[in-house]
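This short report looks at charged side-chain pairs. Take a look at the model first.

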Amino acid sequence: MKLVISLLFGISATLALAAPPATPAPKKKPLPPLGTAMDRPGAKSTPKPQAKSALTPPAKPPATPPPAPNLAAAAASRGLSFDVRTLAHGGGQGEKGVAVGSEGQVSEVRLRGSQITIEILVRNLAREADTARFECLFVGKGVSSEVLFVWDRVERQITVPGGDHKRETVQSEEVLSAETRTRYSSSSSSSSSGSQKKESGSRAHGWIVRAFVGEHLVKVQASNTTLDRIGNDPAQLASLLKQKPPLAPGESEKSKP
């Protein structure tokens with residue numbers, strides 16, 4: 001009997017050793033606390049990437065910076081600055097003449113001269129004296145043709161001590177215009193009497209001043225926007241300098257060179 005019990009215990013032990021070890025049950029993870037990560041101190045939330053919509057407008061490009069000033073002209077001026085203003089523009093009544101023609105015609109001619117006076121102000125911000133050259137172009141306009149032309153050209157050299165300024169007055173030559181009034185009458189018929197007015201010559205229109213330091217053109221200034229545009233355009237300026245003035249009062253095509 002004891003022998004049978006021992007055999008049974010031995011078989012049980014052998015089976016126990018041959019069986020595979022039992023796998024432990026997985027531990028359950030603790031439940032997260034209530035609320036979102038924003039509600040829990042010390043927790044960081046990862047924002048979700050937003051999907052781009054096809055309707056979203058593209059980002060605006062950066063604004064274009066304003067153009068840089070003329071650094072070459074500023075460097076060439078070497079501390080000199082310039083300004084030009086008109087002191088006088090116009091003229092007065094000139095000589096008056098009367099001529100009697102045939103068939104009872106009487107012509108009265110009145111000449112009128114006009115000229116321009118300008119003032120150039122030069123400042124020198126440098127410590128040493130410096131010199132600038134100014135080309136003053138006085139522009140006239142035909143009375144009847146409205147043609148622009150240069151009737152007088154003056155150049156001035158102005159030297160300014162360091163840290164000082166200087167003013168220079170420049171006056172143009174006169175440009176002439178004429179107003180002719182012709183009265184005519186007939187002894188045979190009073191209905192044929194009358195008068196006629198005619199203008200010829202030119203009047204002063206404005207000025208263009210070009211400032212040079214050494215061989216460098218550093219500034220162009222003019223009395224109005226039209227002449228300023230011409231003075232800053234080499235092609236237009238060259239065309240203006242080639243333009244011939246209209247006939248002066250009393251001048252004919254034959255007498256004109």
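Which residue forms a salt bridge with E155?

The partner is R133, and the closest N and O atoms are 3.7 Å apart. A salt bridge here means a side-chain nitrogen of Lys or Arg within 4 Å of a carboxyl oxygen of Asp or Glu. E155 lies in strand β4 (residues 148-160) and R133 in strand β3 (residues 130-142), so the pair ties together parts that are 22 residues apart in sequence. Strands are DSSP runs (E, at least two residues), numbered from the N terminus.

E155 is partly exposed, at 46% relative accessible area. R133 is partly exposed too, with a value of 21%. Partly exposed lies between buried (under 20% relative accessible area) and exposed (over 50%), using a 1.4 Å probe and protein chains only.

## How the model was treated

This is a predicted model: local features need pLDDT of at least 70, side-chain atom pairs count only at pLDDT 80 or more, and totals for chains, interfaces and linings use all residues. Residues are numbered from 1 along each chain as its sequence is written, and side-chain values use heavy atoms, leaving out hydrogens and water.

## Further pairs

E179 and K197 also meet in a salt bridge, at 3.5 Å from N to O. E179 sits in strand β6 (residues 175-184) and K197 in strand β7 (residues 194-213), 18 residues apart. E179 is partly exposed at 23%, and K197 is partly exposed at 48%.

R203 pairs with E199 at 3.2 Å, N to O. Salt bridges that share partners join R85, E119 and R167 into one network. The count comes to eleven salt bridges.

Conventions: Helix = DSSP H or I, 4+ residues; strand = E, 2+ residues; numbered from the N terminus.
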